[in-house]
Amino acid sequence: MADITITHTREEGTILTGSRKGDGVYEIVKDHNFRSSRHVTGLYIRGSRDKESSWRINAAATALRAAGHTVTIEIDDEEKRSFAEIEAERVQRAEEREERASDRADRAASSADARRAKADQVSERFWMGQPILIGHHSEGRARRDQQRIHDNMRASFADRDRATYWGNRAEAAAHYEKHRNNPHRTLRRLKGLRADLRSLEREREAAAERGWEFSERRERRMRELTEEIAYWEALVEEAAAKGVKIWGPDDFAPGDYVRYSNSYFQVARVNPVSLSIAWNLRLAPKQVMTLEDATSDGRVWTHTADYTKVQWRCPEEAMNTFLADGKVPGKKSADEASAKTPAGTVREAQAAAKEAAPKKPTDPTIPKRIRVEARWDATEATVTWLNGRGHPHKDFQPVTLTAAEGTKYAESVWSKQLGAQVAQLLADAGYMHAGTGWRGGPAKGLTGAIMPAPKVKPETPAIEEPTPDTEPASPVEERPAPEPAPAAEPSVEEPAIEEEPPAEEPASPVEEQPAPESAPAAEPPVEEPAIEEPSAEEPKVWGRADFKRGDYVQALGRWHEVLRSNPRSVSVPGPEVYLIQWAMVTGRRSAAEMADAEKMALTCDSSGTTRNPMVDTRVGHSDQPNTLSTPEEPAMPATTTEATAPAPEKKAAPKRAPRAKKAAAEPKVPARKAAAPKAPAKKAATQKTIPIDRIDRDPNQPREHFDQAKLDELARSMQKLGQLQPITVVYLTATKSYRIVMGERRWRAAKAAGLTEMTALVLHGIHNDPRTTLAMATAENVGRVDMTPIEEAKAFKRLEDAEYSIDEISEMVGKSPAYVGWRIDLLRLCDSAREALEKGHLTVGLSWYVSLLSTNNQMRFLARHARGEFKSTREAEAFAQAAREEEKRQEEQGSFFVLAEEAPALPGRDSQDAIPGSLDLPEDERERITSERAKLTKKIDKLGDLGAILSELATANPEELALLLAGTPGGVPGHMLRIEHLREVALSATKTLRQAQAIAAVRADSIRINPEAVSEAATPEAA
């Protein structure tokens, strides 16, 4: 057993001495964080210097005594160094680490370079990729050299990785002091140190209150923390004195913009230790994030920005000026604006404005919030009225809501049924939801803010306009008026409204006969008394209180679902979240009204829907007014979305008083025919919910193959989430059904998921043309990953047959004309080649070369490809090109050449002496070819001598070569140039021989002389 001594001092740390290798001590104490090092005498605990003794000392001593060792413990926690001395030593050790790491990195880099040079030296013997000669006397040496190359290259890579590692370590050590003394990092470090000190102070106060003794160990720790905090605070003050900006709450005001994480964020609140900045992950990353961007359902979402991570500040007024000019300020511009408008001035102005603003008195009798409590799948829900403090209101009793028979509240307040009942309860009590969202959960209930509903002025009658739910009335001729725009009289059933030239009017169900323009306007019915025209009414000014999440807003003639209502705009969905200014809003519908309108639209296939056919790209991200692309297009009423063509001009008619609404039992006055018929409405597309059994697939669908696994995956998703994107269809009048234009994969998945209906975009007018729908379906499918090249080729061919040019096809599908032409050429492939292409055995590029061949030669190419006779795709392409050239040559030379499999062997002819095409060559030409062949083969045979010379040079000793060639003309560099020239010539010759090999293979395997043609040619000569 050993005598072990464990000592601990602040300067040296914890060290264990008295142990020897193999005595079993290390195996016992290693579980207590003891380690060994060649730089320390004995075993030590890592990180124990300049710290209090650890409990691990006693634990290790107990374990050693249990093993039979004698242990002595010596601890000195009183004597310590100052924190400044400790930091100075840390910096010195970092410099020493940098030096050691740099030396190791240099040694590793030198070793890597030497290993690479050695590998390159050995590889120079294998000139031009000389292969190993099996059975040759040089085989053994070549294999050894190859192994040496591999070993040296692997060692070079390992040394290079080691050099990179130690280089990074050296760089980190070099920047230690800079990062350690960074004032902003120091501030974050001070935050933790102060928190630790406050925790110990609270413990001391609690011990004093209870009469307990506060340990000396904690007292020493408090003194150390106080000293360390003073050191770091002095460092921060020194950096501030040198000009480093230390940001704090005095440097910002609410509404300012702060540069944080390389973007600008508007400040919502200024806190003592951080800023609350606008935050919206759906828009991130964004150059400038405003509070309006972060507002959802009346709530501003924020994120905490630490002052130590702030880059610079820009005042709100200056930022608005920059954004109006379409610019984002940099640091210099922002600093100049910040110096011009300090944060203190902004705060003073905000405080003065707040004092001057009238205070809104609160009425305690009005409830401020409601709490809805409903468990999952519950049949009853409780609504509790709350006051401003969140307590039940004394004047309002809780209300219990009951679900309809056979139904449940599946998703608490987000259940449509429960939401409708809560909205009706609020409306009956004269209140409405404030639109600020719901907080809480189903277990504790969800709380939402409410507000008194605005009172409707009785003197302002609501304007009732024709909707898809009501039958459009027959238009009535109006008297001539000074206005140039045509005006149509409302139907008898409509209430009295202010007379204006309407922008749109539903077409009359009664066919009208055209009349000449000069025909006078028809007189109104005498039975219809006129009433006094009301005074002019100001247009509706829409605002935030008019909309809530789930409503529908009309702008630029299209309907959009409301995501949230903002102070100056409304957010609607699209490829991104779009903002529509209140000035652009022309109508509103609730979700129930929109659903009723869509149900009405389903009853007639030709009726229009209430939603826009696609996202309006004219709605932008900013709140600036958008201009219409067609200024002459009239604004649409708030009850329809069908865009109608402007009515033909007719003579001006004077204004007349609108008719009073008649009783329901009174018969309608027949409408007189107008002087000129209105142009029929031109509908582009409508969105409907269609039963799935009324939807059929397009027989001309470009896609023929659908991945069943992906269809099953999509079906499972649709079972859980429903249909997320509508399909596109056209209505077929003959069969009273719909045919898919785009979205057959979604349709198949919906059927597999068991859906009974689907949301679809129904195309009308020119979009219903079969030629147009074929182009749309092709453009939608081309470019998908799962669409095969043959499917693309067939789709392009159908478009070409529909009299589309190649340029038009390429423009509509977003491809180049060459791409379209190459795809169409693939249709010349035989069935076997198409199957090989679809299975991935042939690449698309190789398949195009094969498509240029005849059907028989395509089959022979596939046979060679299946046998693996081509080493690479490039070699296969070269063979196909050579075969095509030989086919052209065959066509030019007539029947003297046939395919090899079709030609019987000619008796008495040696294949080695045969010359392709020699039957139609003169005798002197045949002799010339034979002579040139003999000369060329003799020259090629001399390459063996050149190879021997090069092999001798490759295996020679470099020092000997340098000595022998030093005195020759040009020296070693001159001979190197000659070898390099030979190398380039050899590469060119290899390329030429590869092409010759492909041509020879084609001629040898596919083209033979036709013996029947030979006999036919010889018969006239014999005659």
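**Figure 1. Glu 96 counts as partly exposed, because its relative accessibility is 38%.** The close-up is taken from a predicted model. Glu 96 is part of helix H3. A residue is called partly exposed when its relative accessible area falls between the limits for buried, under 20%, and exposed, over 50%; the 38% of Glu 96 therefore places this residue in the partly exposed class.

**Figure 2. A patch of negative charge lies on the surface.** The patch is formed by Glu 95, Glu 96, Glu 98, Glu 99, Asp 103, Asp 106 and Glu 177. Helix H3, which covers residues 83–123, makes the greatest contribution to this negative patch, supplying 6 residues.

**Figure 3. A patch of positive charge also lies on the surface.** Its members are Lys 178, Arg 185, Arg 188 and Lys 309. One of them, Arg 185, is located in helix H6, which spans residues 183–210. Arg 185 has a relative accessibility of 35% and so counts as partly exposed.

Figure 4. Of its 1023 residues, 34% count as buried. The accessible surface of the protein chain amounts to about 61,400 Å², and 53% of this surface belongs to carbon and sulfur atoms. When contacts between residues at least 6 apart in sequence are considered, 66% of them join residues at least 24 apart.

Note on methods. Residues numbered from 1 in each chain as written. Predicted model: local features only at pLDDT ≥ 70, side-chain atom pairs only at ≥ 80, totals over all residues. Heavy atoms only, no water. Buried < 20%, exposed > 50% of the residue type's maximum accessible area, 1.4 Å probe, protein only. Contact = heavy atoms within 4.5 Å. Areas by Shrake-Rupley, 256 points an atom, 1.4 Å probe, with all protein chains shown as cover. Patch = residues over 30% accessible without salt bridge, like charges linked within 9 Å, V, L, I, M, F, W, Y side chains within 5 Å. Salt bridge = Lys/Arg side-chain N within 4 Å of Asp/Glu carboxyl O. Lys, Arg positive; Asp, Glu negative; His and termini not counted. Charge placed at Lys NZ, Arg CZ, Asp CG, Glu CD. Helix = DSSP H or I, 4+ residues; strand = E, 2+ residues; numbered from the N terminus.
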